[in-house]
Amino acid sequence: MNRKISIIKYVFSVIGIAMLVGASLLYNNTTDFLTRAVSAQGQVVDLVLSRSSDSTTYYPVVVFRDASGRQVEFKSNTGSNPPSYTRGERVEVLYEAGEPEAARINGFFSLWGAATIVGGLGLVFGLVGFGMTAYGLLHQRGKAFLQKNGVRILTAFQSVERNTGFEVNGRNPYRIVSQWQHPETGDIHRFVSDNLWFDPSDYITSDTVPVLIDESNPKKYWMDTSFLPKLA
């Protein structure tokens with residue numbers, strides 16, 4: 001299961017990077033288009049309905065005359081529901097002199113919608129992937145520090161719980177829960193183990209569980225579960 005998690009975080013990171021690169025290319029494409037484009041007045045003559053399994057989208061069809069006076073008709077590459085335009089509505093059209101059929105409506109979504117959507121999705125995928133990677137690295141660094149410098153204490157075993165805040169392939173991992181009372185302050189500290197992808201209940205044969213703590217800050221800890229068998 002740990003291998004699956006590693007694969008997931010790297011896949012999310014790669015998808016995020018690819019989408020951000022794609023968004024950058026789309027942005028540059030539109031920027032280049034705007035430097036070459038000329039403007040004309042057009043009119044929405046139709047709304048083309050497109051249905052998929054779970055959505056309905058309306059694409060405006062626009063007619064305009066190019067610089068030579070030739071009438072050109074094109075369907076916008078971007079649609080919406082509800083429709084952003086109405087039949088008979090006048091709109092500004094941008095087109096390149098040599099490709100009037102590839103014209104675009106001068107509107108934010110028509111020009112920048114694709115780059116915005118792809119970039120937004122790329123940012124989400126990237127944040128998830130890199131966030132998981134950064135968390136793993138920080139966790140391993142903290143664990144290594146405690147293994148070298150931490151104070152070992154024996155804590156009272158409390159229970160085994162499901163970590164419902166984390167899920168992979170519809171499964172929630174298990175965690176061992178223990179507690180300990182600080183001998184000087186009298187404060188009760190609760191500890192939980194790293195995620196375990198099997199139920200450890202049958203393998204906990206003692207009333208105590210070892211935990212390594214930072215003596216100056218017991219909130220920094222790592223539960224030593226090396227007494228458990230390894231998951232095949």
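Biologist: Which residue in β9 is the bridge partner of I153?

Modeller: The model is predicted, so local features need pLDDT of at least 70, side-chain atom pairs count only at pLDDT 80 or more, and totals for chains, interfaces and linings use all residues. Residues are numbered from 1 along each chain as its sequence is written, and side-chain values use heavy atoms, with hydrogens and water left out. Strands (E, at least two residues) are DSSP runs numbered from the N terminus, and two of them pair if DSSP finds at least two bridges between them. Strand β6 (residues 151–162) is joined to β9 by 6 bridges and runs antiparallel to β9; the partner of I153 in β9 is V211.

Biologist: How many of the residues of strand β9 are buried?

Modeller: Buried means under 20% relative accessible area (1.4 Å probe, protein chains only). Strand β9 spans residues 208–214 and is largely enclosed by the rest of the structure, because the buried residues number 6 of the 7.

Biologist: Which residue in β10 does L212 stand opposite?

Modeller: A hairpin joins β9 to β10 through 2 residues. These strands run antiparallel and are joined by 4 bridges. The residue in β10 opposite L212 is W222.

Biologist: What is the order of the strands in the open sheet?

Modeller: The sheet has 5 strands with antiparallel pairing. Its edge strands, each pairing on one side only, are β8 (188–192) and β10 (217–223). Strand β7 (residues 174–181) pairs with β8 over 5 bridges, with W180 opposite H189. The order is β8-β7-β6-β9-β10.

Note on methods. Buried means under 20% relative accessible area, exposed over 50%, partly exposed in between (1.4 Å probe, protein chains only).
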